[in-house]
Amino acid sequence: MATSDSGGLSGNIAILTAPNSQMTLVDLPRPSGQSLDNCTNSNYKNFNVLNTDLNLQVSFDDKVITGTVTFELQTIKECDTIILDTSYLFVRSVSVDQQPVDYKLCARKPIYGSPLEISHKCQGKVSVSVEFSTTEKSTSIQFIRGDTGPYLFSQSEMIHARSFFPCFDTPAIKSTYTIQVESPHNVLMSARPIATEGDVYKFKQPVPIPSYLVAIASGNIVSEPIGPRSKVFSETPNIADCKWEFENDMEIFLKVAESLTFAYEWETFDVLVLPMSFPYGGMENPNITFATPTLICKDRSQVKVIAHELAHSWAGNLVTNCSWEHFWLNEGWCVYLERRILGGVASLKAKMDGRQDYLEYGEKSRHFDAILGFGDLKESVNNINPEFTSLVWDLNNKDPDDAFSKVPYEKGFFFLFYLETILGGPKEFDEFIPHYFKTFRYKSLDSFEFIDELYRFFEPRGKKEILDSIDFKKWLFGKGMPEEPKFDRTLVVEVEELVEKWLDFFKSGKDDFSQFSINDIETFEFNQHLLFLDKLCAELESINPSSQLIMKLPEVYPYYTKTGNFELIASFNTILIKYGNLTETDKVVVNFADWLGTVGRMKYVRPGFKLLSTKVSNEFAITTYKKYESLYHPICKSLVEKDIGLV
Ligand code: BES
Ligand code: ZN
């Protein structure tokens, strides 16, 4: 069984026995302690958690959550202390089996917070309760003003759950939950609502989940249906737009996802659209995906983020990485499923449009997404610390937020895409998908167990030689870019030709724009715009185009200056500011800086400030940041501050 303890391997060994397996795999170096979660202070290996009960009270006046968390533990290894993770929490009292016990909230350690050591001789079943409060320093909990009143939300992945409530803050530990929250405003939790009595909201989460998936939101939140098992939530003024954005695709996504895996196990899939300061595109909190309001762009072009968060219902939420060092297992698998879902939906839509080639069309469109992904991967590999360009990370004494980039998403996707191809194509791989998610559901695993399962599944199907030919060591531990796969480029040629035309133009240095017009891009679909802008931006790097010519782009394609789509605003302005040789008084820069004050999604905020810092001036980036800092989420603040050299 895959558990938190994935085998007692340590040391730099040349021959890897995959954890819990009978098989010996080839020459995979395993950095010491890989199977242990380095990012928790807790002694989680000693326990199974049978259930967790959360009883919370929200005070908007004091901006704190006060509560009691109770763990029903089953001791696996007898010990004298229970060590929980906390970070910027206040601990009021601790009891074991209803009796007060001695405890020590230890001094804060760098990155991982303050261990809470509870004295108790642990054997068999143990019930531990901790009374606690959050503090204003919490990195998970944000009290803000929403559009219509006070608002509270949490964001705990990867290691911020410990600043929400004391816990075994590791993805290796999963538990069912019972939850009760008292709040003057509507409450949503990553669980199924079971009753509301006045200000008290009750929930249960019958599927075991890790701490990072426990989420809360409270505020003036209303809802509308977006499918037979789905609702969207937001504050009242935005609810109609939110409904429109998602209602066309929600149930189709669910159906296609189920056809790739197996029946959706969480009963409902709802989406909460948060205020602007939400730092991510989406967060897969079970039963209530959290989403950035930048998805509500009135053109349905960002529904792919919902497909992604839905895919986490299998990849990540049912089957979870056992430590953040194997984060690619969550995100790489999720992107793989996301692209299969979107390809499936493209195919269904083509069929409804009466296209004979609808199946091929779905595949072509999946390849289009993969081509965009390969570009994103290049960009990330060039910008992130090289040690985090491998699939498996070493996070010992490191902050996992610093390791975050597109690498686990895209390199993880390309690893799976490679496996799919080499093992015979999507059809052959299709049987493995439900097998993998069924085998590991409710569990947490590492990369070695994944490879082991590949062998277990494909060897009896006559594919051992193929598996033996794969350089797993390079895939898991190699740095930098993987080899570029052979893509079906049918749907991108048009875009690539336009990029080439522009590159030739910039190379020539002549200023004859007559060969270009708005017609070039008029029939583009959203993804084509994105590919055009991102590819042009990447390819211009080696050309060093004239800044005067670059600054003519808005006149040629005014569409890109008028759009309200956040993706296009970000990509277009990046080209102008990167190559336009602009100063802080230029209108483009002023507008872009103002725009940065209206978004909280890190995907835009972090590269935006880096761009200002490197292409305008570091001082200007800092003054702009200082102006808007109070609008950003603490996680976002701490990363931008590192990015622009404030800390
Ligand atoms: N689980 C992630 C968000 C996350 C990752 C939060 C790591 C904290 C730490 C979520 O599923 C995600 O990947 N969101 C993406 C969406 C995109 C890939 C479609 C995002 O936020 O941009
Ligand atoms: Zn994700």
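This is a predicted model: local features need pLDDT of at least 70, side-chain atom pairs count only at pLDDT 80 or more; totals for chains, interfaces and linings use all residues.
Residues are numbered from 1 along each chain as its sequence is written, chains are lettered from A and ligands numbered from 1 in the order in which they are written, and side-chain values use heavy atoms, with hydrogens and water left out.

Let's start with the overall layout. The protein chain is assigned domain 1 (41–219), domain 2 (228–313), domain 3 (320–477) and domain 4 (493–643); such bounds come from an automatic or database domain assignment. Take domain 3 and domain 4: their centres, taken over C-alpha atoms, are 30 Å apart. Eight residues of domain 3 touch eight residues of domain 4, where contact means heavy atoms within 4.5 Å.

How much area is buried between domain 3 and domain 4? About 760 Å², with carbon and sulfur atoms giving 55%. Buried area is the accessible area (1.4 Å probe) that two parts lose on being put together, summed over both. On the domain 3 side, Phe368, Leu372 and Asp401 lose the most area to domain 4, together 53% of what that side buries.

Now for ligand 1. It is surrounded by 18 residues, and the closest are Glu157, Gly281, Glu284, Glu309 and Tyr409; a residue is near if one of its heavy atoms lies within 4 Å of the ligand. Some of the neighbours make polar contacts, meaning pairs of N or O atoms within 3.5 Å. A polar backbone atom of Gly281 is 2.6 Å from an oxygen atom of ligand 1. Glu284 puts a polar side-chain atom 2.7 Å from a nitrogen atom of the ligand, and Arg601 has one 3.4 Å from a ligand oxygen. The protein covers 94% of the 520 Å² of accessible area that ligand 1 has on its own, by the Shrake-Rupley method with a 1.4 Å probe.

Over at Glu267, phi is near 75°, a positive value in a residue other than glycine.

Terms used: A polar contact is a pair of N or O atoms within 3.5 Å; within protein, one must be able to donate a hydrogen and the other to accept it, and residues adjacent in sequence count only if both atoms are side-chain atoms.
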